[in-house]
Amino acid sequence: MYTLRLYQDYVPANIECRQIESQHSILYVLRGGAEINGEAVAADQAVYCKDSIFIKTAEMDAVIWRWEIVREEAANTYLEGGPVQSKLAISRKVQMFELTSRSKWLFRLDCIYGNLGSTGLHSHPGSGIRCLLEGNLHVRGVIGECSDNTKTGDAWYEEGSYPIISTTYGDEPAAFLRGMILPVEYDEYPDTAMWIEGEKKVQSSWKNYSQQVIMLR
């Protein structure tokens, strides 16, 4: 079994974090900026990393959200170095697929923004951990997990195959990131939602930050 995890890291300015090991990771810089495996990553940018991660900050603090795919038995990978703060926000076993060693998948981090209203009943062809950027989002389904997300950093899991309805309350649109595991053929498809009630009912836009075809080990 493989696990999808989301960590939320705070790295102060002028810090070098000890290298950590993880099969596949996508790191999103929420605030500030950082050098990640030698690549400069500014706020609202993301980068894919394989096997190991080394983070270095300069004059700015950095808040980083880090999605990882690892074997279920793998130890948690907290950043270390100086006054770094690193926490596991959410971890879930992926059950929608038979994830096996040497199988290939699409690992994607994207964003739904300008999301206002109710989606209607829908599902997805892959599993993923979402994390709220702004607004509020309330997720309901007959089976699977339900959640009420009201502040930046709130995280929830969607199995994908379980139909759900997502709703915003009030006039403020929601924006949230999705770290997803999808079949590789979805690398050409921007919107993964499958509308069970016939059509998309919610107002929203889509942005892709990073995607990579990966092989599990």
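Modeller: V139 stands opposite S147 in β12. The model is predicted, so local features need pLDDT of at least 70 and side-chain atom pairs pLDDT 80 or more, while totals for chains, interfaces and linings use all residues. Residues are numbered from 1 along each chain as its sequence is written, and side-chain values use heavy atoms, without hydrogens and water.

Biologist: What makes β11 and β12 a pair of strands?

Modeller: Strands are DSSP runs of E with at least two residues, numbered from the N terminus. Two of them pair if DSSP finds at least two bridges between them. Strand β11 (residues 137-140) is joined to β12 by 3 bridges, and the two run antiparallel; therefore they pair.

Biologist: Why is Y7 called buried?

Modeller: Buried means under 20% relative accessible area, exposed over 50%, and partly exposed in between (1.4 Å probe, protein chains only). Y7 has 0% relative accessibility, so it counts as buried. Y78, at 37%, is partly exposed.

Biologist: Why is the pair of Y7 and Y78 called edge-to-face?

Modeller: Rings of Phe, Tyr and Trp (its six-membered ring) pair if their centres lie within 6.5 Å; planes under 30 degrees apart count as stacked, over 60 as edge-to-face and the rest as tilted. The centres of Y7 and Y78 are 5.9 Å apart and the planes stand at 90°, so the pair is edge-to-face.

Biologist: How do you know that the charged end of R66 sits over the ring of Y7?

Modeller: The requirement is NZ of Lys or CZ of Arg within 6 Å of the ring centre and within 35 degrees of the ring normal. The charged end of R66 is 4.2 Å from the centre of the Y7 ring and sits over that ring.

Note on methods. Helix = DSSP H or I, 4+ residues; strand = E, 2+ residues; numbered from the N terminus.
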